Amino acid sequence: MTDIYLGQQKSNKGCLVIAVLVAVAFAAFVFWRFTRPATSTPPPSAESPAAAEAPASTAAPSTPSSDPGAALLNSARQFKNEDKYLEARDKAYEVLDQSSNAAARTAAEQLLGEVNVALVLSPRQMPEKIDYAVQPGDALVLLARKNGTTIDTIQIGNRLTSANIRVGDRLRIFTGKFAIKVSKSRNDMVLLMNDRFFKRYFVGTGQYGKTPTGELVIKDKIPNPPWWRSDGKQIPFGDTNNVLGTRWMSLKYADDSPLSGYGIHGTWEPETIGKQASAGCIRLLNSDVEELFTLVPEGTPVTITE
């Protein structure tokens with residue numbers, strides 16, 4: 001009995017020791033768990049799913065402004081198609097003022113040439129025209145001189161079938177002022193109206209740089225001109241040897257310095273346009289020189305540069 005009792009006491013002591021050890025271990029775990037320093041969670045990397053789900057920034061990305069030329073040109077063409085020529089002109093001028101796109105600028109110049117000529121040589125209203133009632137003593141030649149235009153411009157622009165006008169007739173008269181700039185190196189001519197682009201023409205100039213430079217004016221104008229060769233022989237208009245084409249406009253220096261034999265004229269040799277191939281004059285296609293002849297009066301300034 002005694003041995004059994006002693007065994008039970010040893011067993012009870014062993015259980016007590018185990019219980020104490022378990023309690024100590026549990027207390028140590030609890031102490032470690034609640035006293036350790038907190039750790040921060042690192043931010044997700046750019047490649048992590050969290051980063052992919054993060055809301056994107058609301059700031060708009062900066063983009064370079066696009067050239068407005070194409071959009072303005074489309075508007076100009078649309079206005080022209082709708083027969084709104086003044087609006088088309090304004091938009092085309094905006095292309096020249098605001099765009100650096102070479103293709104858009106070239107197309108705008110082409111459109112401006114068509115629209116400007118149509119405005120001037122028709123009864124269409126434009127800021128550069130006045131409405132006028134014919135008075136006693138008026139004649140087209142007098143009205144043209146008074147307003148700085150040509151008889152042809154008044155007649156064509158008002159759809160007149162003759163030069164006869166009567167007191168009380170209503171006319172729409174163009175009053176814009178033209179100027180011409182010629183570049184020998186580019187072989188082109190820019191027609192300005194009130195110092196703004198009106199139309200560009202391609203020209204031929206003098207071989208070996210013979211075309212004079214400087215400030216000149218149109219002295220006189222001759223339709224269907226004869227041509228005098230250097231030996232003094234006259235070649236009549238229509239002769240294939242006549243190099244002047246269908247129109248001739250002689251030039252003089254603005255300060256009346258001596259100058260003779262130079263002018264602006266047409267040609268029967270269209271292949272020479274865009275080249276330095278003449279004896280010194282400025283030549284255009286016959287259709288172009290006829291249009292220019294209609295538009296510009298005597299006294300129109302002409303600036304020729306290298």
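Visitor: Hi! How many residues does helix H5 have, and how far does it reach from its first C-alpha to its last?
Guide: Helix H5 covers residues 102-120, so to speak, with 19 residues in it, and reaches 27 Å, close to the 27 Å expected at 1.5 Å a residue. The expected span is 1.5 Å times one less than the number of residues. Helices (H or I, at least four residues) and strands (E, at least two) are DSSP runs numbered from the N terminus.

Visitor: What sort of model is this?
Guide: It is a predicted model, where local features need pLDDT of at least 70 and side-chain atom pairs count only at pLDDT 80 or more, while totals for chains, interfaces and linings use all residues. Residues are numbered from 1 along each chain as its sequence is written, and side-chain values use heavy atoms, with hydrogens and water left out.

Visitor: Back to H5, then. Which of its residues are buried?
Guide: Among them are Ala104, Leu111, Leu112, Gly113, Asn116 and Val120. Buried means under 20% relative accessible area, exposed over 50%, and partly exposed in between (1.4 Å probe, protein chains only).

Visitor: And what happens at the start of H5?
Guide: There, Asn101 has a side-chain oxygen within 3.0 Å of the backbone nitrogen of Ala103.

Visitor: Which residues touch the most other members of the largest nonpolar core?
Guide: Those are Ile180, Met189, Leu191, Ile264, Leu292 and Leu295, in a core of 50 residues. H5 gives this core its largest share, 9 residues. A nonpolar core is a set of buried Ala, Val, Leu, Ile, Met, Phe, Trp, Tyr and Cys residues joined through side-chain atoms within 4.5 Å.

Visitor: What else is Ile180 in contact with?
Guide: Beyond its neighbours within four places in sequence, the contacts of Ile180 include Val190, Ile218, Pro301 and Val302. Contact means heavy atoms within 4.5 Å.

Visitor: New topic: in what order do the strands of the open sheet come?
Guide: The 8 strands run S5-S4-S3-S14-S7-S10-S11-S13, with mixed pairing. Strands S5 (196-202) and S13 (282-283) are at the edges with a single partner strand each, so one side of each has no neighbour in the sheet. Two strands pair if DSSP finds at least two bridges between them.

Visitor: Is S4 mostly covered or left open?
Guide: Strand S4 (residues 188-193) is mostly covered, with 6 of its 6 residues buried. Asp188, Val190 and Leu192 are on one side, and Met189, Leu191 and Met193 are on the other. In a regular strand, side chains alternate between the two faces of the sheet.

Visitor: How do S3 and S4 run, and how many bridges join them?
Guide: They run antiparallel, joined by 6 bridges. Ala179 has Leu192 in S4 as its bridge partner. The two strands form a hairpin with 4 residues between them, and Asn187 in the turn has a positive phi of about 50 degrees.

Visitor: Last one: where does Thr246 lie?
Guide: Thr246 is in the loop between strand S9 (234-235) and strand S10 (247-253). Thr246 is buried, with a relative accessible area of 9%.

Visitor: Which side chain does Thr246 join in a polar contact?
Guide: The side chain of Glu290, at 2.7 Å. A polar contact is a pair of N or O atoms within 3.5 Å; within protein, one must be able to donate a hydrogen and the other to accept it, and residues adjacent in sequence count only if both atoms are side-chain atoms.
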